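User: I have a model open and would like to learn how to read its side-chain features. Could you walk me through them?

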Amino acid sequence: TMALSPEFEGQELKEVKQRFYREAETAGRLNHPNIVTIYDIGEEQELAYIAMDYLKGQDLSGFSSKKTLLPLKEVMAIVEQVAEALDYAHKQSVVHRDIKPANIIYERGEKVVKVTDFGVACLTDSSKTKTGTVLGSPSYMSPEQVAGKKVDGRADIFSLGVTLYQLTTGHLPFEAESLGSLMFKIANQAHAKPGKYRKGIPICLTRIINKCLQKEQAKRYQSAAEVAAALHRCRGS
């Protein structure tokens, strides 16, 4: 739910409502086992609401620090499911724009993965998609997001690479003291090799991470389905 007043007013209220309803509109277009389901949306006495799946489990941020890392094959299985969800979303012209561990819910007992929070998602088939707007979580942004350029599904693939790196190593690939310095690193500097932080990472997993984190869109995987297939092969090797 979201209280529409008295927290917001005027233009700010309009923008907040737009973002809230964009989440419902965007996620409502999607019907996939690894994406949270939206059932209803509305307003009731100054309260806006979205009714969606009740999800069991926890978000992956709980498994992204050095002391809480999951086994590598489990990490690959999780990210493979996220990649399949993103491939489906991209085919529906939806780019998530904020893929990170906190937006992925994992029910470990049943191995169920759900992608959530389409609040800053954009519809690539919509004229409302603007350039020059930086949206997302800075540490997980692609170079094109940092630059405020128009994005496509390959931006999500970069963010998925950041997530995979963090779930594998317990570290972010790009860290800095200030936002400006962080953005510079994302746009210009290479990430540390994953093996620096964790022993026994398969070569195939390192290659997948490296390809997802390419600065140039054309050098990354061109679809999330390719990422899922590569992870599936790596898991089985």
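Analyst: Let's start with a word we'll need throughout: a residue is called buried when its relative accessible area is under 20%, and exposed when that area is over 50%. Keep in mind that this is a predicted model. Now try the idea on Q166, which lies in helix α4. Its relative accessible area is 9%, so Q166 is buried.

User: What does Q166 touch, leaving out residues up to four places away in sequence?

Analyst: Q166 touches S64, L69, P101, Y140, H171 and L172, once residues up to four places away in sequence are left out.

User: Next, aromatic rings. How do I describe a pair, and how many aromatic pairs are there in the whole structure?

Analyst: A pair of aromatic rings is described by the distance of the centres and the angle of the planes. A search of the whole structure gives two aromatic pairs. Take F63 and Y106: the ring centres are 6.3 Å apart and the planes meet at 75°, so this pair is edge-to-face. The cut-off behind that step is that planes over 60 degrees apart count as edge-to-face. F63 sits in the loop between β4 (58–59) and α2 (72–91), while Y106 is in strand β6 (residues 104–107), so the pair ties together parts that are 43 residues apart in sequence.

User: Are F63 and Y106 buried or exposed?

Analyst: F63 counts as buried, at 12% relative accessibility. Y106 is buried too, with a relative accessible area of 2%.

User: And how are the rings of F158 and F174 arranged?

Analyst: F158 and F174 make a stacked pair, 6.2 Å centre to centre with 10° between the planes. This pair also links distant parts of the chain: F158 belongs to helix α4 (residues 153–169) and F174 to the loop between α4 and α5 (179–188), 16 residues apart. F158 and F174 are both buried. While we're on rings, have a look at Y221: the charged end of K211 sits over that ring, 4.7 Å from its centre.

User: Now cysteines. How many disulfides are there, and how should I read one?

Analyst: The general idea first: a disulfide is a covalent bond between the sulfur atoms of two cysteines. Here the count is one disulfide. C204 and C234 form it, with their sulfur atoms 2.1 Å apart. The angle about the S-S bond is 70°, and the link of C204 and C234 is right-handed. C204 lies in helix α6 (residues 203–212) and C234 in helix α7 (residues 224–236), so the two cysteines tie together parts that are 30 residues apart in sequence. At 24% relative accessibility C204 counts as partly exposed, whereas C234, at 4%, counts as buried.

User: What about C212?

Analyst: C212 is in no disulfide, and the nearest cysteine sulfur, that of C234, is 12 Å away. With 1% relative accessibility, C212 counts as buried.

User: How do I read a helix such as α6 for its buried side?

Analyst: List the buried residues, then see where they point. In α6 the buried residues are L205, I208, I209 and C212. They cover an arc of only 95° around the axis, which puts them on the same side of α6. The face turned away from that buried side carries the exposed residues I203 and R207. Among what covers the buried residues of α6 are α2, α4 and α7.

User: Which residues of the largest nonpolar core touch the most other members?

Analyst: That core has 59 residues, and L160, L164, L205, I208, V227 and L231 touch the most other members. The largest share of the core, 10 residues, comes from α2. Leaving out residues up to four places away in sequence, L205 touches L72, M76, L164, T168, L231 and C234.

Terms used
Residues are numbered from 1 along each chain as its sequence is written. This is a predicted model: local features need pLDDT of at least 70, side-chain atom pairs count only at pLDDT 80 or more; totals for chains, interfaces and linings use all residues. Side-chain values use heavy atoms; hydrogens and water are left out. Rings of Phe, Tyr and Trp (its six-membered ring) pair if their centres lie within 6.5 Å; planes under 30 degrees apart count as stacked, over 60 as edge-to-face and the rest as tilted. Helices (H or I, at least four residues) and strands (E, at least two) are DSSP runs, numbered from the N terminus. Buried means under 20% relative accessible area, exposed over 50%, partly exposed in between (1.4 Å probe, protein chains only). A charge sits over a ring if NZ of Lys or CZ of Arg is within 6 Å of the ring centre and within 35 degrees of the ring normal. A nonpolar core is a set of buried Ala, Val, Leu, Ile, Met, Phe, Trp, Tyr and Cys residues joined through side-chain atoms within 4.5 Å. Contact means heavy atoms within 4.5 Å. A disulfide is a pair of cysteine sulfur atoms within 2.5 Å. The arc is that of the directions from the helix axis to the C-beta atoms.
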